[in-house]
Amino acid sequence: MSVIPSAEFLYEAGVQFRRAPSDSQYLDDVAFDFGGGVLSLPVLAVDDGTESAFLNLVAFERLHVGVGNDVTSYLFFMDNLINTSKDVGLLREERILLSIVGSDEEVAATFNRLSSELTINPDNSLVHVRDMIGRYCDRKWNRWRANLLHNYFTSPWTIISLVIAVLYLILTVLQTNYAIMDFYKPDDDKKSP
């Protein structure tokens, strides 16, 4: 079973976080678009009762064998995504996590506590999403592109300056080409008197 990196690492690797469609009401409505690098997650409101509600749902899954392991899979998935308050902040900015508890540190601590004593079935419902995210992050081009966008193209002025620099380089190459062609041009046009 593959373990996915934190939300901050995924963001640096080029993964974009999006809210799942508004009609999504289930925790296992986690999807990853490999072509666009978009991870869709259902909206979750974290309040004082979230921890006990999740623990009760996990206990229900453990006691009733035929129910499945969707809640446990979701908790492990979110625990992998959320390690620090920066991870919570990224998910909160996309309105995936709605924190009623207070600080981002408290939300991160809640998710880290929830899955600390749990075991997960290797054939869980989110294993295919984990594998696709792992393959996406292993591609060097995605990391390079994300690094370029996050570090160098943070404002429209940098994009405009890049376009001007490329245009200037093209015009310089053309000017040099015409100067070389004119230098080696035969002198047939000159007539002697």
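A nonpolar patch on the surface is formed by Leu162, Val166, Leu167, Ile170, Leu171, Leu174, Tyr178 and Met181, which together have about 770 Å² of accessible area. Patches are made of residues with over 30% relative accessible area and no salt bridge, where nonpolar side chains (Val, Leu, Ile, Met, Phe, Trp, Tyr) are joined within 5 Å and like charges within 9 Å. Accessible areas come from the Shrake-Rupley method with a 1.4 Å probe, and for residues only the protein chains shown count as cover. Leucine 162, one of the residues of this patch, lies in helix α8 (residues 156-183). Leucine 162 is partly exposed, with a relative accessible area of 41%; buried means under 20% relative accessible area, exposed over 50%, and partly exposed in between (1.4 Å probe, protein chains only).

The model is predicted, so that local features need pLDDT of at least 70 and side-chain atom pairs count only at pLDDT 80 or more, while totals for chains, interfaces and linings use all residues. Residues are numbered from 1 along each chain as its sequence is written, and side-chain values use heavy atoms, with hydrogens and water left out.

The protein chain contains eight helices and five strands, in the order α-β-β-β-β-α-α-α-β-α-α-α-α from the N terminus on. Helices (H or I, at least four residues) and strands (E, at least two) are DSSP runs, numbered from the N terminus. Of the 193 residues in the protein chain, 32% are buried. The chain exposes about 12,400 Å², of which carbon and sulfur atoms supply 58%. Among contacts (heavy atoms within 4.5 Å) with a separation of 6 or more, 67% are between residues 24 or more positions apart.

Threonine 72, in helix α3 (residues 70-81), is buried, with a relative accessible area of 1%. Apart from its neighbours within four places in sequence, threonine 72 is in contact with Val58, Glu61, Arg62, Leu118, Thr119 and Ile120. Threonine 84, by comparison, is found in the loop between α3 and α4 (85-93) and is partly exposed at 36% relative accessible area. Not counting residues up to four places away in sequence, threonine 84 touches Glu8 and Ala108.

Side chains of opposite charge can pair when their charged atoms come close. The structure holds three salt bridges, each defined as a side-chain nitrogen of Lys or Arg within 4 Å of a carboxyl oxygen of Asp or Glu. Glutamate 94 and arginine 18 meet in a salt bridge at 3.8 Å, N to O. Glutamate 94 lies in the loop between α4 and β5 (97-99) and arginine 18 in strand β1 (residues 16-19), so this pair ties together parts that are 76 residues apart in sequence. A salt bridge also joins the side chains of arginine 113 and glutamate 51 (3.0 Å, N to O). Because arginine 113 lies in helix α5 and glutamate 51 in helix α2 (residues 50-63), the pair ties together parts that are 62 residues apart in sequence. In the salt bridge between arginine 92 and aspartate 104, the closest N and O atoms are 2.8 Å apart. Arginine 92 is partly exposed, at 38% relative accessible area, whereas aspartate 104 counts as buried at 14% relative accessibility.

A patch of negative charge on the surface gathers Asp47, Asp48, Glu105 and Glu106. For charges, Lys and Arg count as positive and Asp and Glu as negative, while His and the chain ends are not counted; the place of a charge is taken as NZ of Lys, CZ of Arg, CG of Asp or CD of Glu. Glutamate 106 lies in helix α5 (residues 104-114) and is partly exposed, with a relative accessible area of 39%.
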